[in-house]
Amino acid sequence: MNEDLILDIMSCCPATEISKFRLLNKACNKRSYEFHFINHHLHKTNSVLGYFIQDHKKHRRPGFVVFGGAEEEAPEKPRISLEFLPSRGVKIEACDAHHGIFLCVDDKFKGGRRIPDYIVCKPTTKQYRIIPNPKTRYFTIAIGLMVIQSNPFRYKIVRVSEPLPWERRKTSEGFYNLNCEVFDSDTYAWKRLNDLELPSGEFLRRSEKPESSYGFLHWLTGKNNVIQFCMQTETWSFFPLPEDVMSDGSSLDLVSYEGKLAVLCSNSNSRWYDLWVLDNSSGKSWANVKDVQVTDLEDKYAKPLWFLSNDVILVAGFARLGLYNTNSNKFQYLQKTTQECLPYYLPRDVCFPFYSNFESICLNEDQITLEDQRQNQR
């Protein structure tokens, strides 16, 4: 079958089915991650590609900006926001970018105690569910969410927190412990796992958001190692970055590239970004894919945030966001309205990108939202 025909068929499929076609051959896999294909898919399916910006001002919900599918012939998409949530002061803590599922936290204080609401939601369908609290007396260090399967819908949340002073311990091998809990939507409960043990002097960056691939969530540690959590076995493991990126003065960030875990390496004195991709989940096979040169920008502080595709990058600059095409070296600023909620310096942890459809999911079997009822009546 002609490769273009295969891609045209793929563009009509739900995003959850595209992954099966990508197994046909390397060429289809690579072309399906190009922005041209992704934009074509947005037009032919009920899908949206965008991001939420965590507002730096208090008591304001994160603002949403959409890109892709902006041509005149594209069907009009419903307005996307977090206004449907029960509280105004929610904060996004984690998301599954490939399914458009978010974990938000609404901090509430009752009787002088912090009793937050943990809310799992899908903004495109305006569905949400308040889930039980974890052990919130522990300070959260890292948290991540992953959809395990689409039908029936199932997700897990992993949370790492700081033990209380009298619960801290250090092993004879020089490891110290952190609390670890997992929420499973199947059991609708948090489960305490064995403690996560880190080598002495190692730490998780508290603003670091995880990258997902191969059924794992990955974080970059303070000493530039990768720590990963397996959603299937609910276990932790470590592996190092490639030796070639460990030079002094480099800035390192974990990113997702063509569905794989990757590390973006840059030097403060250079406009080049070296991209290394992990070929499998063992952490033993890193490949240098290409050099990404970000040039011809008005803003010398511009920095890549997220790979929309393998040829278009979301770039953050001085109070600005834009799209950068690595093939043409062309840069285009996004809507000026985004600047209203942008700080002058935009760190990676305030940007939550996602690719989602408008199909309802089963967040709560006992409750159908008002939006679902309206759709059923139609």
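**A buried serine, a core and aromatic pairs**

Mentor: Please note that this model is predicted. Ser-309 lies in the loop between strand 22 and strand 23.

Trainee: Does Ser-309 count as buried or exposed?
Mentor: Buried means under 20% relative accessible area. The relative accessibility of Ser-309 is 5%, so Ser-309 counts as buried.

Trainee: Which backbone nitrogen does the side chain of Ser-309 reach?
Mentor: Ser-309 touches Tyr-33, Glu-34, Phe-35 and Ile-38, leaving aside residues up to four places away in sequence. Its side chain also reaches, at 3.1 Å, the backbone nitrogen of Val-312.

Trainee: Which element gives the largest share of the largest nonpolar core?
Mentor: That core has 22 residues, and Leu-49, Leu-308, Leu-314 and Leu-321 have the most contacts inside it. Among the elements that give two or more residues to this core are helix 1, helix 4 and strand 1. The largest share, 4 residues, comes from helix 4.

Trainee: How many residues apart in sequence are the parts tied together by Phe-52 and Phe-102?
Mentor: Phe-52 and Phe-102 form an edge-to-face pair, 5.3 Å centre to centre with 80° between the planes. Both residues are buried. Phe-52 lies in strand 1 and Phe-102 in strand 4, so the pair ties together parts whose separation in sequence is 50 residues.

Trainee: Why is the pair of Tyr-118 and Trp-190 described as it is, and what is that description?
Mentor: Planes over 60 degrees apart count as edge-to-face. The ring centres of Tyr-118 and Trp-190 are 6.4 Å apart and their planes are at 85°, so the pair is edge-to-face.

Definitions and conventions: Residues are numbered from 1 along each chain as its sequence is written. This is a predicted model: local features need pLDDT of at least 70, side-chain atom pairs count only at pLDDT 80 or more; totals for chains, interfaces and linings use all residues. Side-chain values use heavy atoms; hydrogens and water are left out. A nonpolar core is a set of buried Ala, Val, Leu, Ile, Met, Phe, Trp, Tyr and Cys residues joined through side-chain atoms within 4.5 Å. Buried means under 20% relative accessible area, exposed over 50%, partly exposed in between (1.4 Å probe, protein chains only). A polar contact is a pair of N or O atoms within 3.5 Å; within protein, one must be able to donate a hydrogen and the other to accept it, and residues adjacent in sequence count only if both atoms are side-chain atoms. Contact means heavy atoms within 4.5 Å. Rings of Phe, Tyr and Trp (its six-membered ring) pair if their centres lie within 6.5 Å; planes under 30 degrees apart count as stacked, over 60 as edge-to-face and the rest as tilted.
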